[in-house]
Amino acid sequence: MPVVKLQRPTLTTSEKLTLPSIFKGFLVTLGHAFKSLAGKSRGADSLNGSGLGVTMQYPEQKWDGELPEYYRGAPALVTDEQDRERCVSCQLCEFICPPKAIKIVPGEIPSDDEWAKVEKRPKAFDIDMIRCIYCGMCEEVCPEQAIYLRKDYAITGLSRAEMVHDKEKLYEIGGKRVGLVNKWNELK
Amino acid sequence: MSDSATTTPTLPKDLAAEKGMVNVQIDGHWIQVPKGTRMIEACKMAEKEVPHYCYHPKLSSPGNCRMCLVQMGMPPRPAPGEEPKFGEDGYQEIGWMPRPVIACANTVGENMGIRTGGDLVEKCREGVMEFLLINHPLDCPICDQAGECSLQEFSVEHGKGTSRFQENKVKKPKNVDIGPRIRLDDERCIMCSRCIRFMDEVADDPVLGFTDRGTHTTLSVHPGRKLDNNYGLNTVDICPVGALTSNDFRFQMRVWFLKETPSIDVNCGTGCNTTIWTRGNEIFRVTPRENNEVNSAWMPDSHRLAFHEIHSDRRLTSPLTLSGGQHASTTMERAVKEAALGFEGLPGNEVAIIASARGTNEELLLIKKIKEALGTDNLVLIGRFGESDGKLISADRNPNTTGAKMVLGDDNPFEKYDQIKGDIASGQIKAALVIGEDLTESGYSSDELSKLQHLVVLNILSNATAGKAHVVLPGASFAEKRGSMVNVTGRLQRLNRAILPPGESAPDWEILSALLAELNPEGPKPQKIQDVFQMLADEVAEFKDLTLQKIGDLGVQVKDTGETIPLLEKERKRIENREIVG
């Protein structure tokens with residue numbers, strides 16, 4: 001590996017004294033303060049600023065519209081066009097989950113159910129959002145296209161129990177997702 | 001060597017023949033294997049894996065899955081009058097056959113060559129895998145076998161990543177209820193016929209068979225019959241795919257979460273070797289573990305499903321003492337103190353110990369010490385006898401009767417049953433220690449038990465006897481403690497701890513040694529289970545020089561009782577007749 005020798009900048013006497021540089025900084029800040037009071041902050045419009053400078057007033061103002069397609073927020077379960085819950089509780093996500101946030105209790109679909117041929121679905125599906133690290137491994141490993149990371153990022157709660165998303169909550173976040181592979185079709 | 005080869009019998013074939021062996025070249029390496037060995041077993045000895053589905057060493061080999069195809073070669077047959085030519089190394093040149101052979105049903109020969117790899121073999125495997133997967137459903141996410149499925153494993157190793165099959169898959173019955181404990185999924189079946197052969201050859205109850213032909217071949221039960229044999233769940237174990245699944249384990253947990261602990265079955269004197277599958281502190285299933293001296297590779301259904309009582313609601317999880325007619329939970333230390341206090345000052349003929357031949361050797365030794373500390377002769381074990389089923393279930397339904405006899409030094413530890421029962425009924429015996437038994441189930445009435453001034457019960461489940469007890473001590477089940485037992489044939493085997501005892505319950509030997517320390521402060525104070533086994537090794541001649549570690553997973557024969565296990569006898573005969581490899 002070649003060695004690169006860095007030339008340290010030679011400082012002038014005023015720079016060596018530090019204090020003049022600090023006041024220069026203050027001046028820049030003061031300039032921006034006057035600009036923002038006049039409503040002329042640079043980039044305020046494109047960043048959806050509050051009018052006073054470029055600051056966005058969260059949570060009154062949100063940037064949700066700007067989130068990219070690949071944004072990794074809270075993991076959630078989805079249903080498909082036929083309102084079938086897609087998860088078959090294969091427990092691969094529980095296995096792959098690095099912080100062990102997912103806990104599944106598998107259950108059997110009763111024989112009188114419309115989807116009895118799928119045989120298996122989760123009895124309980126809990127994701128502990130205190131543990132979740134939003135890595136997206138669960139989505140990647142899912143063989144049934146049943147779990148997706150949605151754009152919800154503000155997951156709050158007043159107790160540890162509240163921070164555990166149960167099956168109902170997960171389907172509420174996930175909602176319906178169309179256009180997925182219909183593996184359990186009539187040919188099956 | 002080459003110049004002497006022609007004169008003296010130093011050719012490898014002659015050296016091997018002297019020992020009843022033959023020379024086989026497996027993937028370029030020459031090894032010696034016993035004459036008559038199947039090619040697949042020879043490859044196993046050479047540590048070369050030959051993938052297979054239908055072959056099982058304990059069953060006959062129909063050779064119908066075609067997965068174990070290998071390339072084989074023999075020395076060319078000499079022309080009339082021609083002498084066989086031996087190379088520098090003493091072996092003849094191998095003439096490789098252009099077509100593969102199945103390794104499971106062919107035996108090795110002298111100077112044979114086997115290739116478990118190479119273009120031909122790999123192409124064959126790929127082809128067989130593709131055919132097997134044509135109609136196999138994409139059920140893996142809902143299939144219980146996923147994770148321990150040979151079809152999954154071999155399709156990763158030898159299959160294609162994608163399917164070329166354009167047509168619709170053949171539909172067959174799914175989720176068929178073929179018996180009380182087993183579910184059948186015909187679409188997943190790869191027609192290996194292991195289950196059919198098991199039911200026919202081992203369980204002697206040929207209820208399974210194939211119907212229809214070609215791609216429509218379907219595994220089914222005989223009309224009007226069910227697969228309800230007590231050995232039926234073994235078919236689930238040997239099924240290489242998820243066609244047969246156990247109703248009990250179905251959808252409970254994926255196998256890759258489960259931890260395996262080798263242990264033994266405690267439901268009868270045979271002591272089948274088992275694997276306990278646990279996750280966290282819960283047992284999910286128990287399966288047989290191969291031991292050719294005890295249970296071959298099988299176990300009865302009734303015994304493998306018996307573990308459920310460990311997780312039952314009746315489980316005792318806290319020591320209880322009687323105060324004001326009510327049981328109140330307390331600490332183990334206080335309960336043991338109170339248990340010992342009740343025996344204080346009573347002469348030997350006023351106390352009794354009723355123990356169980358379901359206890360381990362270690363527990364029985366401590367019981368013997370407690371008996372000595374109490375200065376009594378009143379020690380009896382409760383016997384459990386039924387009928388042998390002619391296979392693996394022994395007539396002795398206690399797992400450790402042989403061990404109990406050895407440890408207690410008593411050839412009939414069940415003898416004093418009537419005397420002690422009479423003495424309790426007459427009020428002669430005032431205090432009793434009952435370990436691991438429900439006396440109301442073995443003939444005692446609750447009135448008789450009420451006559452006792454002090455009754456100490458050590459058990460895992462709450463029962464009528466515990467209800468009458470003055471002190472209840474919660475013990476540990478077979479999966480929650482370590483220890484050793486001796487089966488009916490005299491084989492010393494080891495229990496291992498798979499899960500932790502619930503709540504404040506503790507391994508029985510710990511409770512018993514605490515009780516012993518209270519009763520006899522000068523007595524031995526073992527700190528760990530190895531210490532107790534050391535005491536056993538010092539006292540019992542048969543256990544001399546043994547330790548828990550030395551017992552190993554397959555056990556040690558410590559005595560010859562003359563008893564045999566019928567299933568093993570039958571299997572040995574079949575091995576002799578060369579029907580199976582064994």
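Mentor: The questions below take up several terms in turn and set each value against its definition.

Mentor: This is a predicted model, in which local features need pLDDT of at least 70 and side-chain atom pairs count only at pLDDT 80 or more, while totals for chains, interfaces and linings use all residues. Residues are numbered from 1 along each chain as its sequence is written, and chains are lettered from A and ligands numbered from 1 in the order in which they are written.

Trainee: Why is B:D27 called partly exposed?

Mentor: A residue is buried if 20 or more other C-beta atoms, placed from the backbone, lie within 10 Å of its own, exposed if 12 or fewer, and partly exposed in between. B:D27 has 15 C-beta neighbours inside 10 Å, and therefore counts as partly exposed. B:D27 lies in the loop between β1 (21–26) and β2 (29–34) of chain B; helices (H or I, at least four residues) and strands (E, at least two) are DSSP runs, numbered from the N terminus.

Trainee: Which residues is B:D27 in contact with, leaving aside its neighbours within four places in sequence?

Mentor: Two residues are in contact if their C-beta atoms, placed from the backbone, lie within 7 Å. With those neighbours left aside, B:D27 is in contact with B:K48, B:R115, B:T116 and B:G117. From B:D27 to B:D508 the C-alpha to C-alpha distance is 54 Å, and the two are 481 residues apart in sequence.

Trainee: What makes helix α11 of chain B mostly covered?

Mentor: Eight of the eight residues of α11(B), which spans residues 401–408, are buried. Among them are B:T401, B:K405 and B:L408. The buried residues pack against α10 (361–374), β18 (379–382), β22 (483–486) and α16 (529–539) of chain B. Just after α11(B), B:G409 takes a positive phi of about 65°.

Trainee: Why are β7 and β11 of chain B said to stand at the edges of their sheet?

Mentor: The open sheet has three strands in the order β7-β8-β11 (chain B), with antiparallel pairing. Each of β7 (176–177) and β11 (244–246) of chain B has a single partner strand, so one side of each is left without a neighbour in the sheet.

Trainee: How do you know that β7(B) and β8(B) pair?

Mentor: Two strands pair if DSSP finds at least two bridges between them. Two bridges join β7(B) to β8 (residues 182–184) of chain B, and the strands run antiparallel. B:V176 stands opposite B:L184 in β8(B).

Trainee: Where do the domains of chain A lie?

Mentor: The bounds come from an automatic or database domain assignment, which gives domain 1 (13–61) and domain 2 (67–174) of chain A. Their centres, taken over C-alpha atoms, are 44 Å apart. Chain A has five helices and five strands, in the pattern α-α-β-α-β-β-α-β-β-α along the sequence.
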